[in-house]
Amino acid sequence: MASTTSTKKMMEEATCSICLSLMTNPVSINCGHSYCHLCITDFFKNPSQKQLRQETFCCPQCRAPFHMDSLRPNKQLGSLIEALKETDQEMSCEEHGEQFHLFCEDEGQLICWRCERAPQHKGHTTALVEDVCQGYKEKLQKAVTKLKQLEDRCTEQKLSTAMRITKWKNLQCFLHEEEKSYLWRLEKEEQQTLSRLRDYEAGLGLKSNELKSHILELEEKCQGSAQKLLQNVNDTLSRSWAVKLETSEAVSLELHTMCNVSKLYFDVKKMLRSHQVSVTLDPDTAHHELILSEDRRQVTRGYTQENQDTSSRRFTAFPCVLGCEGFTSGRRYFEVDVGEGTGWDLGVCMENVQRGTGMKQEPQSGFWTLRLCKKKGYVALTSPPTSLHLHEQPLLVGIFLDYEAGVVSFYNGNTGCHIFTFPKASFSDTLRPYFQVYQYSPLFLPPPGD
């Protein structure tokens with residue numbers, strides 16, 4: 001085995017005196033010295049080097065003359081340099097300066113031949129590195145396989161946790177909307193109950209005055225003479241016994257608005273679809289560029305349709321159409337398949353909205369709508385408009401209306417994720433589904449349950 005010192009000497013011999021690195025493609029000249037092929041070639045080109053005569057140069061080390069055509073590849077030196085490079089990559093023992101060619105099984109560490117003979121390794125099981133390398137390589141590969149399996153499980157758990165976080169966020173949004181709805185109902189119930197209680201209180205005041213009047217009349221009779229006491233006594237007694245406190249007007253304090261978050265509410269899609277209604281398109285309101293399918297569940301924007309009657313119900317300024325169904329109470333939910341269309345407006349509007357050039361899509365004008373357009377992306381048409389940043393493109397958009405609570409919300413129909421809820425409104429007119437259709441972006445109304 002070569003020692004560290006001898007290895008260093010060989011490396012010195014294999015070092016190019018021009019670039020001071022191990023030679024690359026070594027070549028020899030007449031005097032026997034060797035250099036990198038590139039280094040000696042560049043040496044020829046250096047104008048500062050004096051030529052003895054044409055094509056004759058001096059050796060950079062011994063100054064002996066040599067000709068350019070005397071360069072010869074030194075293959076033996078090249079092989080030695082490759083071996084030195086491999087040797088240089090091997091680890092050596094810091095204590096003895098020898099290379100690690102042995103592995104101590106008891107200590108689980110690399111040792112040199114001199115370590116093996118030292119007292120601390122006496123009686124230990126040792127083997128050549130080459131003999132045990134494959135076995136430990138297989139053990140390491142098994143460990144890698146196990147860790148990769150753990151990594152895959154970790155990735156799965158991470159995705160599962162992310163989905164749970166999304167569900168809880170959706171639940172939070174839903175419960176927030178439910179809270180607003182229940183608070184509004186409690187407020188209404190409170191107003192109605194207080195009104196009945198105040199009416200009942202006023203009635204009790206009148207009854208109290210009536211009772212006081214009867215009591216005073218009876219006391220006066222009792223304090224008067226026998227003749228006054230007995231005068232019309234039966235009539236007086238009859239009227240007194242007829243006075244009753246009517247308890248039927250008592251108002252119950254039991255709450256009728258109950259907040260019951262059942263298991264159904266933990267699946268937002270199921271909750272929404274429990275209020276789902278069937279929606280079809282009203283051809284009498286369709287703009288003249290819109291083409292409705294025979295079942296009135298699909299609308300496409302195309303060319304102007306001929307032979308359409310002129311009606312005040314028809315949209316004339318923008319390519320819009322309403323749903324046939326009108327909503328005047330309760331909770332309603334419907335879905336619109338927007339596919340991968342690049343533009344659409346969806347929502348609800350008052351039945352009597354402006355449909356000509358003066359039409360403005362904002363709540364103040366009776367519109368509660370969401371828009372997708374190429375330039376601005378997703379926008380809630382509030383006043384001013386609200387930009388929305390969605391994590392994924394909804395292919396199915398759900399519209400939820402709680403008429404009494406004044407709530408209009410939008411959801412991703414595929415995932416149940418909440419998109420946007422308009423500020424609370426006060427509805428007093430019929431609301432109808434609203435659609436604005438863009439080029440190459442048809443809309444489809446799937447029947448409930450699809």
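Where is Y440 found? Y440 sits in the loop between β20 (431-437) and β21 (443-444). The points below set this residue in its context.

1. **Basis of the model.** This is a predicted model, in which local features need pLDDT of at least 70 and side-chain atom pairs count only at pLDDT 80 or more, whereas totals for chains, interfaces and linings use all residues. Residues are numbered from 1 along each chain as its sequence is written, and side-chain values use heavy atoms, with hydrogens and water left out.

2. **Overall form.** The protein chain contains 8 helices and 21 strands; these are DSSP runs numbered from the N terminus, with helices (H or I) of at least four residues and strands (E) of at least two. Along the principal axes, the C-alpha atoms fill a box of roughly 165 × 80 × 45 Å.

3. **Burial.** Of the 450 residues of the protein chain, 34% count as buried. Buried means under 20% relative accessible area, exposed over 50%, and partly exposed in between (1.4 Å probe, protein chains only).

4. **Charge.** The protein chain carries 52 positive and 58 negative side chains, and the centres of the two sets lie 3 Å apart. Lys and Arg count as positive and Asp and Glu as negative, while His and the chain ends are not counted; each charge is placed at NZ of Lys, CZ of Arg, CG of Asp or CD of Glu.

5. **Cysteines.** A search of the whole structure finds 0 disulfides, a disulfide being a pair of cysteine sulfur atoms within 2.5 Å. C62 is in no disulfide, and its nearest cysteine sulfur, that of C31, is 3.7 Å away. C62 is partly exposed, at 36% relative accessible area. The closest cysteine sulfur to that of C373 belongs to C320, and the 14 Å between them is too far for a bond. C373 is buried, with a relative accessible area of 19%.

6. Y440 has a positive phi of about 60° although it is not a glycine, and at 76% relative accessibility it counts as exposed. L20 also has a positive phi of about 60° without being a glycine; it lies in the loop between α1 (4-13) and β1 (26-28) and is exposed at 65% relative accessibility. The peptide bond from S383 to P384 is cis, with omega near 0°, and P384 lies in the loop between β15 (377-380) and β16 (386-388).
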